[in-house]
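Me: Please take me through some of the packing and pairing in the structure shown here, with the criteria behind each term.

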Amino acid sequence: MREMSKIVIFAGTCEGRKMSHWLCLNNIEHKVCVATEYGQQVLDKHPLAHVIKGRMDEEKMREFFIEDKTEIIIDATHPYATVVSENIKKATKNLDIKYMRLIREDADIVDEKSSGFFVKYFNDNNECLKALKNTTGNIFLTTGSKELGSYVDLKERLVVRVIPSLESINICNDYGIKGKNILAMQGPFSEEINTAILDQYDVNVLVTKASGRAGGFLEKINAARNNNIPVFIIGRPKNEEGYSFDEISKELSNILNIDNKTNISISLIGCGMGHLSDLTKDAHKALNSAKVVFGAKRLLESMEIKKEKYPYYLADDIIPFIKKNPMDVAVLFSGDTGFYSGAKKMNDKILKAVKEGEISADINIYPGISSISYFSAKLGESWDDANIISVHGKGKVDNWKNKLLKSVRGNNKSFVLLSGVNDLRAIGELLINDNLEDCKIYVGYNLSYPDETIKKLSPIECTKENKEGLYSIFIINNISDTEKITAGIRDDEFIRSKVPMTKEEVRIVSISKLNLHKNAVVYDVGSGTGSVAVEISKLSDSILVYAIEKKTEAVDLIKKNKEKFNVNNIKIIEKEAPKALENLPTPTHAFIGGSGGNIKKIVGELLKKNPKIRIVANAVSFETLQELLEIEKEFEISDFDIISLSATRTRKLGRYHMMQGENPVFICSFRGDLDEE
């Protein structure tokens, strides 16, 4: 142990725990101040880390610093604990103490203006509460127990996640939160856990703080994104000053003369179908040199691993082990590391741990034989012409059914990875309901294991399977449609009535002018029959379309066309614009097919929601055209353009073909001013 260093860490976050761990790894004695019993419990016990428990005001802090002869303070309190940080700074005034604020590394904060799904930032809890009152359904509140009082008006709708301490649970009880709606768990949490909670509690809105990477912010955002759930974010204090973990550890290394540690080796190994004989020579070599091996229990057993082994396959279990026991390790993954494998997330989290100084390691990845390669060889089929999708871990059938049906309808061959027998039965039902009962399904059960079974089933036979296990399937559709690679659904394919519809040629040009991209959020204002909404939604499953229409007859048509074309990335809003736009997600694009004389107000509301939005508006009257010209003068917009489109179709009269012209349409396109801050 080095000579006693007068270092004090004010913890309360995982950054504080990491810094304490880093000091212990480097044999540096120090003290860790925590406010609660729970804060003490989550710290790794170590003889070099002396825990001081209890809340201190400015005066008590100053007395402690003087008595302890503190030389260095690392403030790793929560980003929102601004009062504590101010007290620490005041308590060090006129004392010869080096103060360093350890700030969280920001997550890749999603842009409210172009997130691809609903993300809204709020200055404080009260502002967020007002917006929540305009929503419906369950609210997943992840801001902690101390913020709970701000949301008590909505307690019947709340599902709250708090740290597993008696103090937090008592606060929930005091506010009348029902036990079934209290999740007492220690974070940060994986995307899978967040997704499971959103599904289990049928969540409609997620509320979080912008807690940075270490707080699991991105995992929450990604889970919400995948389920098209709006996210309300309480913004962090602005202009926070301080140092990253890397910067503080480097500074301490210079002050304390800490030498760099030798890196350990971490090998991520694809095990193919789960036999030692499946491994590459390089993978064999890496496995033999590892001191400890991690992997799923069935994989460790099938590989007949004789070394020290643990049935861990999540980074949250493996990284803490490596921190306490730095040695060469191997982590086993079934199949190939690049084919729907957990290796990517494992690699990302280990790299993050290395960057933040938790561990010093070199990472190597060794590929294996994928399930699709193995299964294809067993069937004597090629797989380079198959469309590959995975429903494994995707949750509810509604989350993936359209993607699967689109693949089957448009491809002769679809390879699908499943979670289990429930997915197999669900796929059988989907194919039957979509008139695809003639498809052949090759089912691979527990491939490469002693009870491996490969058989050909019909969709109805799939619905009767009940044996749980590992499933992969090939769906063969010999009468698959040739999937279109151009836009353009014929007008007569839509269900219609007397409701106006944007005609095919105008629709194609208008959508082209939108310049859409993946993860776009599109408003179709004055949707009519929903022809534009349907056309856009079919371009990509990642696009979310809001079909906004005030007339009940038209809304019924949109619902029918949505069902006919089997698209679930359309949300129908029965309300008049611009009022209908107020509580919707931030749009990236908007098409205005009908405005009811409110086009200026609609454009104003769109630009307010996203100053960089791309807008396309159609006009059939000179009055509407005049309003569009006025918009260019009155609003901060760019790339303003108007074209006139006239389409003429042939109409057969006896043995003659006569030309019949459609009314000309003006197509106006523009975007918000790109130079606006």
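Me: In which order do the six strands of the open sheet run?
Reply: In this predicted model, local features need pLDDT of at least 70 and side-chain atom pairs count only at pLDDT 80 or more, while totals for chains, interfaces and linings use all residues. Residues are numbered from 1 along each chain as its sequence is written, and side-chain values use heavy atoms, with hydrogens and water left out. Strands are DSSP runs (E, at least two residues) numbered from the N terminus, and two of them pair if DSSP finds at least two bridges between them. The pairing in this open sheet is parallel, and the order is 6-11-10-7-8-9.

Me: Which residue of strand 11 stands opposite F122?
Reply: Strand 6 pairs with strand 11 (residues 231–234) in the parallel sense, over four bridges. Opposite F122, the residue in strand 11 is I234.

Me: Is N402 buried or exposed?
Reply: N402 lies in helix 15 (residues 401–410), where a helix is a DSSP run of H or I with at least four residues. Leaving aside neighbours within four places in sequence, N402 is in contact (heavy atoms within 4.5 Å) with N566, V567 and N568. Buried means under 20% relative accessible area, exposed over 50% and partly exposed in between, with a 1.4 Å probe and protein chains only. At 7% relative accessibility, N402 therefore counts as buried.
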